[in-house]
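Open the model in your viewer and keep the selection tool at hand. The tour starts with the whole chain and then moves to side chains.

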Amino acid sequence: MEKNKKFIVILIVLIVLIAGVSFLAINEFRKNKEMAEVFAVEKEEMENEYSTFAAQYDELQVQINNDSLREKLESEKLKTQRLLEELRQVKTTNAAEIIRLKKELKTVRAVLRSYVIQIDSLNRLNAALREENQEVKSKYSAATAQINTLSQEKKSLNEKVSLAAQLDATNISALPMNKRGRKARRVKDVKKIAITFTIAKNITAETGNKTVYVRIAKPDNSILSKGNTTFAYEDREITYSIKKYIEYTGEEQSVTVYWDVEEFLPSGTYNVYIFADGNMIGQNSFEMK
């Protein structure tokens, strides 16, 4: 009898232990299942955020013309896409990886926010500069008009023969070309700019070898040039973009010059000014988008 009692006690203890272990195992399984469900929801939300952030980096790149900043944005976008791919491959049961990628998401969010603030500041600065440039353009246009007026007054004091003898550049046009020699649709694809114009027929003008200077002004009115290239105009030295030697016979003559693009060109309105014999003989403008 004593042995049976001991056996029963041991059996009861074992049953209690098995029940306790089973309870703990079931409870742990339930917790893991609930945690996996929570991680699944968080994973989906994180994937959406990573995708949104990558798209926002693309949008930010469109808003700027700064190549250096654009490269940094591209690098951050690629990093975001890499983390997104890592997240997609992580199982919802891998708590450590999900927590790590959640921390990475916070970093991505903070970095993106800093770029948004930086670009917003740059855009405001650019807006102010555009306004200032517009004012400069207005003053430049007014100055050009004044120069033209003074030139007309000066011409009126000269002999009629001198007035009639001045060359005149007409039909001024510009063709931005890509690396294939075709018309470029976007300013970033422009590798060469062809400037074409016509020297009008003038039987009273002096014939012979002449030097024609072409000035190409960017939207900010700075002149495209390579090195120290200047010529004399109205008692001062001004910069030119292209110099062309021609032999003028008095008859109508077509002239084409080329500018090889080796610098960054912004989009906007460009002005072309043509000079010969100390006079500005023609001007026109063209757009590059």
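Predicted model: local features only at pLDDT ≥ 70, side-chain atom pairs only at ≥ 80, totals over all residues.

Switch to a cartoon view. There are four helices and nine strands, and along the sequence the pattern reads α-α-α-α-β-β-β-β-β-β-β-β-β. Among contacts between residues at least 6 apart in sequence, 67% join residues at least 24 apart.

Next, show the aromatic side chains. How many aromatic pairs does the structure hold? It holds six. Select Tyr-213 and Phe-231, one of these pairs: the rings are stacked, 4.2 Å centre to centre with 5° between the planes. Tyr-213 belongs to strand S3 (residues 208–217) and Phe-231 to strand S4 (residues 230–232), 18 residues apart. Are these two residues, Tyr-213 and Phe-231, buried or exposed? Both are buried.

Now select Tyr-233 and Phe-275. Tyr-233 sits in the loop between S4 and strand S5 (237–239), while Phe-275 is in strand S8 (residues 268–276), so placed that the pair spans 42 residues. Tyr-233 and Phe-275 are both buried.

Together with Tyr-213, Phe-231, Tyr-233 and Phe-275, Tyr-240 forms one aromatic cluster.

For the last stop, select Lys-226 and Trp-259. Lys-226 lies over the face of Trp-259, at 3.2 Å from the ring centre.

Note on methods: Residues numbered from 1 in each chain as written. Heavy atoms only, no water. Phe/Tyr/Trp six-rings, centres within 6.5 Å; stacked < 30°, edge-to-face > 60°. Helix = DSSP H or I, 4+ residues; strand = E, 2+ residues; numbered from the N terminus. Buried < 20%, exposed > 50% of the residue type's maximum accessible area, 1.4 Å probe, protein only. Lys NZ or Arg CZ within 6 Å of the ring centre and 35° of its normal. Contact = heavy atoms within 4.5 Å.
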